[in-house]
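Biologist: Please take one part of this model and go through it closely, residue by residue where that helps. I would like the surroundings of that part as well, in one connected account.

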Amino acid sequence: MSSAPPQITRMRRTGITHKLSSAKLNQIWLNFSNQFSTMAVKGDVKDMELLKQRIIKDGKALSPHILLVDSFLNHQVDPELMAQIGKEFARLFTEAGVTCVATIESSGIAPAVMTALTMHVPLVIMKKSTSGILSEEILQTPVHSFTKGTTYQLTLKSRFINTGDRVLFIDDFLANGEAALGATRLIKQAGGEVAGIGIVIEKAFQPGRSRLLEAGYTPTSLAMIQWMDAGKIEFAN
């Protein structure tokens, strides 16, 4: 239950509350709550508008399917923007009971680590290739990259996700949904539950969302691009 606002607390301490009806006190509390909620919503909208503005300013649509955001998201990284993104994902999934955050190397790491930091939970990074030090207790699933035209073995060391863990998957892009679906398969193989899927930028004109919905997952995206072409980007409402 929410605590009372300062003005009500002061009234109680000074014995003024007996002069006000219960309805009046409730109205004061309701007004306070509405003002606080409005400020919070406006702040969140403003933060995500910054992401859209950054995409327009520094993003480069090379074709109807390829968007370059390497100046702030996945090659050069803007830490302050990533911190805001992490806070927003933490707010959106605050009631999801998240026990750990997961992502795929390497583009998803920046927003994912900020989300995990804000939520005070571990971050698990799934690998796109195996090595000698990943030979014990590993889980793998094939994932096709439409951008590169190749298939890789998404790999997870099973001991980092435990039975009953509620895992929030964070990634930089959602296009065809292959990476997110691969990640959910590994989470379930390890015994965890998918608490949510957070996407920084979604290409809404590609089938990723519909494929995730068919699999029983609803992705939450901070910026949704409805259409793009060389030099042009249009966001979904």
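## A buried loop residue and the helix pair beside it

Modeller: Leu73 is buried, with a relative accessible area of 2%; the cut-off for that word is under 20%. The model is a predicted one, and every value here is computed from it. Leu73 is found in the loop between β2 (67–68) and α3. Not counting residues up to four places away in sequence, Leu73 touches Met82, Ser107, Ala110, Pro111, Asp172, Val200 and Ile201. From Leu73 to Gly59 the sequence separation is 14 residues, and their C-alpha atoms are 9.7 Å apart.

Helix α3 covers residues 79–92 and helix α4 covers residues 109–119; the two pack at an angle of about 55°, and their axes are 7 Å apart. That angle makes α3 oblique to α4. The crossing of α3 past α4 is right-handed.

Now α4 by itself. Its buried residues are Ala110, Pro111, Ala112, Thr115, Ala116 and Met119. Besides α3, these buried residues pack against β3 (100–104), β4 (123–126), β7 and β8.

Ser106 lies in the loop between β3 and α4, and the peptide bond from Glu105 to Ser106 is cis, with omega near -10°. The next residue along, Ser107, is one of the residues that Leu73 touches. After α4 comes His120, in the loop between α4 and β4. His120 is not a glycine, yet it has a positive phi of about 60°. His120 is exposed, with a relative accessible area of 74%, whereas Leu73 is buried, at 2%.

In soluble globular proteins, nonpolar side chains tend to be buried together. Here the largest nonpolar core has 33 residues, and those with the most contacts inside it are Leu51, Ile55, Leu67, Ile85, Val98, Val101 and Ile201. The elements that contribute two or more residues to this core are α2 (22–58), α3, α4, β7 (166–174), β8 (193–203) and β9. The largest share, five residues, comes from α3. Ile85 touches Met48, Leu51, Pro111, Val200 and Leu222, leaving out residues up to four places away in sequence. Pro111 and Val200 are also touched by Leu73. Apart from this core lies another, of 25 residues, among them Val124, Ile161, Ile197 and Tyr217.

Ile225 sits in β9, which covers residues 219–229. Ile225 is buried, with a relative accessible area of 0%. Leaving aside neighbours within four places in sequence, Ile225 is in contact with Leu67, Ile201, Glu202, Lys203, Ala204, Phe205, Ile233, Glu234, Phe235 and Ala236. Of these, Leu67 and Ile201 are listed with the most contacts inside the core, and Ile201 is touched by Leu73 too. Ile225 and Phe205 are 20 residues apart along the chain, with C-alpha atoms separated by 7.5 Å.

Lys232 belongs to strand β10, residues 232–235. With neighbours within four places in sequence set aside, Lys232 is in contact with Ala61 and Trp227. Its C-alpha atom is 9.0 Å from that of Leu62, which is 170 residues away along the chain.

Last, the setting as a whole. The protein chain has six helices and 10 strands. Of its 237 residues, 41% are buried. Among contacts with a separation of 6 or more, 62% join residues 24 or more positions apart.

Definitions and conventions
Residues numbered from 1 in each chain as written. Predicted model: local features only at pLDDT ≥ 70, side-chain atom pairs only at ≥ 80, totals over all residues. Heavy atoms only, no water. Axes fitted to C-alpha atoms, helices over the stretch in contact; angles between N-to-C directions. Helix = DSSP H or I, 4+ residues; strand = E, 2+ residues; numbered from the N terminus. Parallel < 35°, antiparallel > 145°, perpendicular 65-115°, else oblique. Left-handed = near helix turned anticlockwise from the far one by under 90°. Buried < 20%, exposed > 50% of the residue type's maximum accessible area, 1.4 Å probe, protein only. Contact = heavy atoms within 4.5 Å. Core = buried A, V, L, I, M, F, W, Y, C linked by side-chain atoms within 4.5 Å.
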